[in-house]
Amino acid sequence: MIKHNYIEKGEGEVLIMLHGNGLDSSYFYHQINYFSTKYRVIAVDSRGHGRTPRGDKPLTILQFSEDLRIFMDMHDIKKAHILGFSDGANVAIRFAIDYPERVDKLILNGANIKYRALRFTVRIGIELLELINATFSVSLEKRRLRAERLELMKNEPVVSADELKGIKSKTLVIAGTFDLMYGSHTKFIAEHIPDAQLEFIPGKHTVARWNYRKFNRALSDFLSKDTTVKDKTNHLYDKLV
């Protein structure tokens with residue numbers, strides 16, 4: 001068992017934030033400050049990221065999901081809204097499938113359920129990063145950790161469409177109009193989660209950081225309103241791409 005580093009701010013319903021590969025909880029700076037006025041926001045550093053130790057478990061989506069369950073148990077959190085970004089979104093998907101009773105509303109930002117859903121240029125970039133890491137990393141420890149993170153992007157997640165259909169939480173699927181994964185894949189995820197809402201925000205993968213006003217507004221609307229009506233879809237992607 002490891003002890004997670006995390007940022008906590010605010011009171012009310014719990015909103016847990018899960019960052020992406022190679023990042024840490026500070027990624028959600030604009031979301032922590034904004035949502036802590038209404039929610040108890042907890043942004044967690046994943047295993048082997050930020051100030052959370054690597055431990056001796058593998059860096060896998062399944063392990064991160066189990067880590068989240070243990071974290072919630074340790075902090076006596078029975079149920080929470082969950083915002084996941086990139087790999088954090090993939091962890092949130094796994095967690096919502098395996099522990100549906102622990103998730104209130106689910107926000108998936110920049111998720112992908114298979115490696116080939118990433119744009120071809122992104123996959124080429126990952127291959128180059130692997131080469132650079134193997135050649136120029138300053139220490140064996142850092143080389144191994146970076147290699148594990150890159151392998152995480154290549155080998156996971158592996159989630160079927162049928163598993164997506166089993167997600168019971170009200171869900172917002174949100175991405176940038178020029179995100180790392182193909183827009184059609186983001187739509188695929190939204191279409192296979194029952195009654196999911198789909199939103200595209202102008203920008204790239206990190207819209208939560210660089211277009212945070214529109215991103216926060218979309219999340220705030222989703223968290224505060226009834227989202228049971230079907231086909232709540234933002235077609236901005238169709239207009240721009």
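This is a predicted model: local features need pLDDT of at least 70, side-chain atom pairs count only at pLDDT 80 or more; totals for chains, interfaces and linings use all residues.
Colleague: Take β5 and β6. Parallel or antiparallel?

Modeller: Strand β5 (residues 103-109) and strand β6 (residues 170-176) pair in the parallel sense, with five bridges between them.

Colleague: What about the pairing of β6 and β7?

Modeller: That is parallel too, over five bridges. A175 stands opposite F200 in β7.

Colleague: What holds strands together in general?

Modeller: Strands of a sheet pair through backbone hydrogen bonds, in either a parallel or an antiparallel sense.

Colleague: Is β6 enclosed or open to the outside, and why?

Modeller: Largely enclosed by the rest of the structure, because six of its seven residues are buried.

Colleague: Switching to charges. How many salt bridges does the structure hold?

Modeller: There are 12. One of them joins R69 and D73, whose closest N and O atoms are 3.2 Å apart.

Colleague: Where do R69 and D73 lie?

Modeller: Both are in helix α2, four residues apart, which is about one turn of the helix. R69 is partly exposed at 24% relative accessible area, and D73 is also partly exposed, at 40%.

Colleague: What about K154 and E130?

Modeller: Their side chains meet in a salt bridge, 3.2 Å from N to O. K154 lies in helix α5 (residues 140-155) and E130 in helix α4, so this pair ties together parts that are 24 residues apart in sequence.

Colleague: Is E130 buried or exposed?

Modeller: E130 counts as buried, because its relative accessibility is 18% and the cut-off for buried is under 20%. K154, with a relative accessible area of 22%, is partly exposed.

Colleague: And K165, what does it form a salt bridge with?

Modeller: With D162, the closest N and O atoms being 3.8 Å apart. K165 and D162 both lie in helix α6 (residues 161-165), three residues apart, again about one turn of the helix. K165 is partly exposed, at 47% relative accessible area. D162 counts as exposed, because its relative accessibility is 58% and exposed means over 50%.

Colleague: Which residues do shared partners join into one network?

Modeller: E66, R69, D73 and R102 are joined that way, through salt bridges that share partners.

Colleague: New topic, N90. Where is it, and is it buried or exposed?

Modeller: N90 lies in helix α3, residues 87-98. N90 is buried, with a relative accessible area of 1%.

Colleague: What does N90 touch?

Modeller: I61, A111, N112 and P157, leaving out residues up to four places away in sequence.

Colleague: Last one, the surface. Which residues form the nonpolar patch?

Modeller: F120, I124, L128, L129, L131, I132, F136 and Y182 form it. Together they have about 820 Å² of accessible area.

Colleague: Pick L128. Where is its place, and how does it count for exposure?

Modeller: L128 is in helix α4, residues 120-136. L128 counts as partly exposed, at 49% relative accessibility.

Terms used: Residues are numbered from 1 along each chain as its sequence is written. Side-chain values use heavy atoms; hydrogens and water are left out. Patches are made of residues with over 30% relative accessible area and no salt bridge: like charges are joined within 9 Å, nonpolar side chains (Val, Leu, Ile, Met, Phe, Trp, Tyr) within 5 Å. Accessible areas come from the Shrake-Rupley method with a 1.4 Å probe; for residues, only the protein chains shown count as cover. A salt bridge is a side-chain nitrogen of Lys or Arg within 4 Å of a carboxyl oxygen of Asp or Glu. Helices (H or I, at least four residues) and strands (E, at least two) are DSSP runs, numbered from the N terminus. Buried means under 20% relative accessible area, exposed over 50%, partly exposed in between (1.4 Å probe, protein chains only). Two strands pair if DSSP finds at least two bridges between them. Contact means heavy atoms within 4.5 Å.
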